[in-house]
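Open the model in your viewer and keep the selection panel at hand. The tour goes stop by stop.

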Amino acid sequence: MNPLRLLPPETAHKLALFAVKNKLVPAAAQDEPQTRLELFGKTFVNPVGLAAGADKNAKALAGWARLGFGFVEAGTVTRFPRQGNPAPRLWRLGDGHIINWMGLPNKGMDHFAARLRDFQSAPERKNLIVGASLASPENNGDDLRLLSTAIAPLADYLSLNVSCPNVGAHEASPVRELVRAVVSEAGKTPVLVKLAPEESKDALQKTAEDALNAGAAGFIATNTMPWNKRGQLRNTPFDWPQKDGAPVGGYSGPLLLDTSCRMVREIRAIAGAAIPVIGCGGVQSGDDAKALFSSGANAVQIYTGLVYKGPRLIADIKRAFRALRRQDQPPP
Ligand SMILES: Cc1cc2nc3c(=O)[nH]c(=O)nc-3n(C[C@H](O)[C@H](O)[C@H](O)COP(=O)(O)O)c2cc1C
């Protein structure tokens, strides 16, 4: 039993982040050449990434590299600091399931940029691809341009989060305009789009094509599943948390894997073989990661699986990736 499970979820998360930042975690074995891959012109030492939301203020980058991640998506960061939603806003439901209603709490763009700047000279920098997740909850193009200007020179890629279910009701995102705003200031830094779980193939196709036309370099599928889309989950063997009598938050965990695999397959079909697609959602074992790679993902990200399974999940995914690569090798 992991003693962190005895603590309230946000306290456990803060302690875990403290341990990772201060390198109180065991160092992973050095990566073998067989896990290396090239994506958008960068070399990843392995295809296992930390999903957005786990290190919102880019606080522990060196520690994540030590734990064995090949890439980290820090953030989501917004232009100004945000408190997020009132607690309780994070529920660990057991059996690998989490619902969060965090609402993008973070210390804002200036603090985030300073943390990335500190990391540029760290010895771990050369082995870690650093992504930065950006959002404007109000869909404000000027805020996105400022974020992109400040962060792009410090990151290997930007990820535009157009899919957070926890920031209140706004107009459906005009994806094309938002991607354009970020791309316009990103220079050579590639811009990926983090998608919401989407059931309709037509809607996904429209979003993906709009994003590509606006200059997006790739996709991350998927963000958490909100209550109003829960029909995409096979079943929900838990009570959905409520605030003032209404269900809140987005689901992450094993039930999301079917959706993330299907979306990766569909995006791959829409965007073609050359566009980077990162699979995210429901990976809690090496076999889960295999399913995403086999659906067409170039790399995978994890969050909830790390909470429940711990760092051994990172090694399990690398093993699965190496096994798939061996299968792909033509016999001598
Ligand atoms: C507590 C929590 C906070 C999250 N915060 C963010 C966020 O700030 N930005 C974002 O793009 N995704 C966020 N996510 C979604 C994850 O990045 C990921 O898309 C989702 O959890 C599915 O992956 P998983 O099943 O491996 O957790 C968050 C997820 C959790 C559990």
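Strands are DSSP runs of E with at least two residues, helices runs of H or I with at least four, and both are numbered from the N terminus. Now pick M225: Y251 is its bridge partner in β14.

A note on the source: this is a predicted model, where local features need pLDDT of at least 70, side-chain atom pairs count only at pLDDT 80 or more, and totals for chains, interfaces and linings use all residues. Residues are numbered from 1 along each chain as its sequence is written, and side-chain values use heavy atoms, with hydrogens and water left out.

Go to β5 (90-94) and β6 (residues 97-100). Four bridges join these antiparallel strands. R92 has I98 as its bridge partner in β6. Two residues lie between the strands of this hairpin, and D95 takes a positive phi near 50° there.

Most residues other than glycine have a negative phi, and most peptide bonds are trans.

- Select F40, in the loop between β1 (37-39) and β2 (42-44). Its phi is positive, near 30°.
- Select D244, in the loop between β12 (242-243) and β13 (246-247). Its phi is positive too, about 50°. D244 counts as exposed because its relative accessibility is 83%; the cut-offs are over 50% for exposed, under 20% for buried and partly exposed in between, with a 1.4 Å probe and protein chains only.
- Select A87 and P88. The peptide bond joining them is cis, with omega about -5°. P88 sits in the loop between β4 and β5.
- Select G75 and T76. The peptide bond from G75 to T76 is cis as well, with omega near 15°. T76 belongs to strand β4 (residues 71-77).

**The ligand**

Stay on T76 and show the ligand. Which residues come nearest to the ligand? A52, T76, K194, G282 and T304 do, out of 23 residues around the ligand. A residue is near if one of its heavy atoms lies within 4 Å. The shell divides into nine nonpolar, 12 polar and two charged residues.

Now look at oxygen atoms of the ligand. A polar side-chain atom of N161 lies 3.2 Å from one. Backbone N or O atoms come from G253, at 3.3 Å, and from Y303, at 3.1 Å. How much of the ligand does the protein cover? The protein covers 98% of the 610 Å² of accessible area that the ligand has on its own, by the Shrake-Rupley method with a 1.4 Å probe.

**Zoom out**

Show the whole protein. The count is 10 helices and 16 strands. The C-alpha trace spans about 60 × 50 × 40 Å along its principal axes. Buried residues make up 56% of the 332 residues.

Methods. A polar contact is a pair of N or O atoms within 3.5 Å; within protein, one must be able to donate a hydrogen and the other to accept it, and residues adjacent in sequence count only if both atoms are side-chain atoms. Ala, Val, Leu, Ile, Met, Phe, Trp, Tyr, Cys and Pro count as nonpolar, Asp, Glu, Lys and Arg as charged, and the others, Gly among them, as polar. Two strands pair if DSSP finds at least two bridges between them.
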